[in-house]
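I want to jot down what I looked up here, one spot at a time.

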Amino acid sequence: MGSRIVGTGRATPRTLLSNNDMRRLVDTSDEWIRTRTGIGTRFLIRSDESLVEIAAEASCRALERAGLKASALDAIVVGTVSSDYAFPSFACQLQHRMGLDLIPAFDVSAACSGFIYAVSVADSAMRAAEYSRVLVVGADALSTMLDWADRRTSVLFGDGAGAIVMVSEPGPSGVLGSLLRSSGQYWNLLSVKATGVRCTVDAEQRRAPGDAIQMRGPELFRIAVRCMEEVTRSVVERAGLQLEDVSLVIPHQANLRIINAVAERLGLSPDKVFTNVERYGNTSAASVPIALDEALEQNRIHAGDVLLLNACGGGLTWGANLVRW
Ligand code: UT7
């Protein structure tokens, strides 16, 4: 028994900031941000908004597309590092917000790879026949963890949530395989101290620089390209397929230069790689499910297509899911 994705949804905060808007906050330029990252705009959460609420909106859309009621779900798995609380989990807050009770709800913490990890966890549990209808969410608001005086990080991130509904189903469609990897030796390439302070872009309160996102960008860039290439090749090979069999790659949207470098190493033509980093920036665990939902909306995915989802982020964590649509 495998698991199939039967509905997707996405939601974002209401405030969209362009690169020129960012110039009011840090010493930067539209030209620098576009050429170094491919980012043009990003949605940023404000102090009167709730990421749980945004995730619930994305989840309701995914359920609607799946033609299921929330009460049909039997588990919730959320890839996130942005819960307002150390506990309860983001997933428990989302469960309550959706009016659900008793079903297991838990978070998977793998930073930008959180959604890839969550899909793998959900798929494994479904293969073990424990659950048959699972809501999997990627939700993050890394903008609340920024030092707004640090131009090397503050222009990169955006906030949002993406959701999918997975159902267990026999047959050729569904998750063909996943591969998860971590390398704790690189933990300090990208990190944030837990401070319990949510510093939205409109908040008076600011994180002290040492408590904000710390990133060794250029080093991370080089390792991310290598990791994404390796995990993509390996997950395809393990499934007994060739890279040519992949119809569309939906990568984590951290930086267009990373996405292009990986595609080039893999010999993939640009039309086989979906990108939307220009509009959203790096939304961490939300980036892959948001991109998947947009790719469907743009008619880039058809029945029988083989999709490859991949990501790399803090931990270091990285991984891939291979899915037949
Ligand atoms: O999602 C998790 C995974 N995240 C990643 O994989 C991120 C990986 N890293 C990257 O995407 C890139 O390393 C960055 C986009 C973060 C940085 O790009 P870069 O080409 O590696 O630039 P850099 O850090 O080497 O900085 C080059 C120059 C520096 O100036 P100097 O020292 O050469 O004078 C920076 O101070 O660009 C300057 N700079 C900026 N200038 C204008 C850095 N940020 C900015 C900025 N605006 N926002």
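This is a predicted model: local features need pLDDT of at least 70, side-chain atom pairs count only at pLDDT 80 or more; totals for chains, interfaces and linings use all residues.

**Around helix α4**

I started where α4 ends: Gly-99 follows the helix and has a positive phi, near 75 degrees.

Next I asked myself which residues of helix α4 (residues 90-97) are buried. My list reads Phe-90, Ala-91, Gln-93, Leu-94 and Gln-95. Then I checked what covers them, and the cover includes α3 (51-66), β4 (75-79), β5 (105-108) and β6 (133-141).

**Aromatic rings**

I ran a search of the whole structure for aromatic pairs, and it gave me 1. The partners are Phe-43 and Tyr-280, with 5.7 Å from centre to centre and 40 degrees between the planes. I noted the pair as tilted, because planes under 30 degrees apart would count as stacked and over 60 as edge-to-face.

**The ligand**

How many residues surround the ligand? I got 24, and the closest are Thr-28, Arg-36, His-252, Asn-255 and Asn-282.

I went through some of the polar distances by hand. In the side chain of Thr-28, an N or O atom is 2.7 Å from a nitrogen atom of the ligand. For Arg-36, a side-chain N or O atom is 2.7 Å from an oxygen atom of the ligand. Asn-255 has a polar side-chain atom 2.7 Å from a ligand oxygen atom. I then looked up how much of the ligand is covered: taken alone it exposes 960 Å², and the protein buries 74% of that.

**Thr-232**

Last stop was Thr-232, which lies in helix α7 (residues 217-238). With 1% relative accessibility, Thr-232 counts as buried, because the cut-off for buried is under 20%.

What does Thr-232 touch, not counting residues up to four places away in sequence? I found Leu-243, Leu-266, Leu-308 and Asn-310. With Asn-310 there is also a polar contact, 2.9 Å between the side chains.

Terms used
Residues are numbered from 1 along each chain as its sequence is written. Side-chain values use heavy atoms; hydrogens and water are left out. Rings of Phe, Tyr and Trp (its six-membered ring) pair if their centres lie within 6.5 Å; planes under 30 degrees apart count as stacked, over 60 as edge-to-face and the rest as tilted. Buried means under 20% relative accessible area, exposed over 50%, partly exposed in between (1.4 Å probe, protein chains only). Helices (H or I, at least four residues) and strands (E, at least two) are DSSP runs, numbered from the N terminus. Contact means heavy atoms within 4.5 Å. A residue is near a molecule or strand if one of its heavy atoms lies within 4 Å of it. A polar contact is a pair of N or O atoms within 3.5 Å; within protein, one must be able to donate a hydrogen and the other to accept it, and residues adjacent in sequence count only if both atoms are side-chain atoms. Accessible areas come from the Shrake-Rupley method with a 1.4 Å probe; for residues, only the protein chains shown count as cover.
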